[in-house]
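Reader: I would like to learn how to read a protein model feature by feature. Could you take me through one, starting wherever you like?

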Amino acid sequence: DELSYKLATLQLIGKIQDTHANIWQNDGALNQFHGTQIAPIEVNIIESQAVVVRIFNGITEDSNIKIGDIITHINGVKTEEVIAQKIAYCPASNRPNQLRDVARRLLRTNDSSIEVSVSSTDRDFKENLESVPATSINFWKKDTPSHKELEGDIGYIYPGALQKGEIHDIMKQFMSKKGLVIDLRC
């Protein structure tokens, strides 16, 4: 079926170890497989552990999840096992890039919430189980403004954040600047 084909393709792409090879489009079958919702928590895999690095709106104030906590279980499964399952479908040129991509998919679900167990070394508990509401947050959206003025009378433009037609007004505003930085990292 479609999903089996795409998963096999991802595994095959992984064999060439090229971070630039992947199934890039917003794919319905793969989104359903990975989960259409996500917990409002960003994690990085650091020293083989899923570490909370950012918390978004959607986590309640009474939550025990804090930046720096380690997610030890996801829906009752050890995080290391979840990583091992998901990494096969994250083709990349090396393990750090694979882990970056796994971290982005780690807390995705098709349910309205996801259960996570967190551990903290700087607070008074070893492990805490929490049900976290899942949402459709876009973690990869940058908060970079479309343009700004830098020191030294320099204009800065970030095309990834431009709105339709906005560039005309920006260019009029920046016409007298000494220089212009166009940040194409988007």
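**Reading the model, feature by feature**

Author: Helices (H or I, at least four residues) and strands (E, at least two) are DSSP runs, numbered from the N terminus. This is a predicted model, in which local features need pLDDT of at least 70 and side-chain atom pairs count only at pLDDT 80 or more, while totals for chains, interfaces and linings use all residues. Residues are numbered from 1 along each chain as its sequence is written, and side-chain values use heavy atoms, with hydrogens and water left out.

Reader: Which residues does Asp 153 touch, not counting residues up to four places away in sequence?

Author: Contact means heavy atoms within 4.5 Å. By that rule, and with those sequence neighbours set aside, Asp 153 touches Ser 176, Lys 177, Lys 178 and Gly 179.

Reader: Now the helices, please. At what angle do the axes of helix 3 and helix 4 cross?

Author: Axes are lines fitted to C-alpha atoms, for helices over the stretch in contact, and angles run from 0 to 180 degrees between N-to-C directions. The axes of helix 3 (residues 79-87) and helix 4 (residues 95-105) cross at roughly 110° and come within 10 Å. Angles under 35 degrees count as roughly parallel, over 145 as roughly antiparallel, 65 to 115 as roughly perpendicular and the rest as oblique. Helix 3 and helix 4 are therefore roughly perpendicular to each other. Helix 3 brings Ile 83, Lys 86 and Ile 87 to the contact, and helix 4 brings Arg 95, Gln 98, Leu 99, Val 102 and Arg 105. Sorted by type, the residues of this contact are 4 nonpolar, 1 polar and 3 charged. For that sorting, Ala, Val, Leu, Ile, Met, Phe, Trp, Tyr, Cys and Pro count as nonpolar, Asp, Glu, Lys and Arg as charged, and the others, Gly among them, as polar.

Reader: How many residues does the largest nonpolar core have?

Author: In soluble globular proteins, nonpolar side chains tend to be buried together. A nonpolar core is a set of buried Ala, Val, Leu, Ile, Met, Phe, Trp, Tyr and Cys residues joined through side-chain atoms within 4.5 Å. Here the largest one has 24 residues, and those with the most contacts inside it are Ile 41, Val 43, Ile 71, Leu 106, Leu 107 and Val 132. At least two residues of this core come from each of strand 2 (41-46), strand 3 (49-55), strand 4 (70-74), helix 3, helix 4 and strand 7 (113-119). Another core, of 7 residues, lies apart from it and includes Leu 7, Leu 10, Leu 30 and Tyr 89.

Reader: How many salt bridges does a search of the whole structure find?

Author: A salt bridge is a side-chain nitrogen of Lys or Arg within 4 Å of a carboxyl oxygen of Asp or Glu. The search finds 7. One of them joins Glu 42 and Arg 54, whose closest N and O atoms are 2.9 Å apart. That pair links distant parts of the chain, with Glu 42 in strand 2 and Arg 54 in strand 3, 12 residues apart. Glu 42 is partly exposed at 24% relative accessibility, and Arg 54 is partly exposed at 32%.

Reader: What about Asp 101: which side chains meet it in salt bridges?

Author: Asp 101 meets Arg 100 (2.9 Å, N to O) and Arg 104 (3.8 Å, N to O). Asp 101 and Arg 104 are separated by about one helical turn, because they are 3 residues apart in helix 4. Asp 101 is buried, with a relative accessible area of 10%, whereas Arg 104 is partly exposed at 36%.

Note on methods. Buried means under 20% relative accessible area, exposed over 50%, partly exposed in between (1.4 Å probe, protein chains only).
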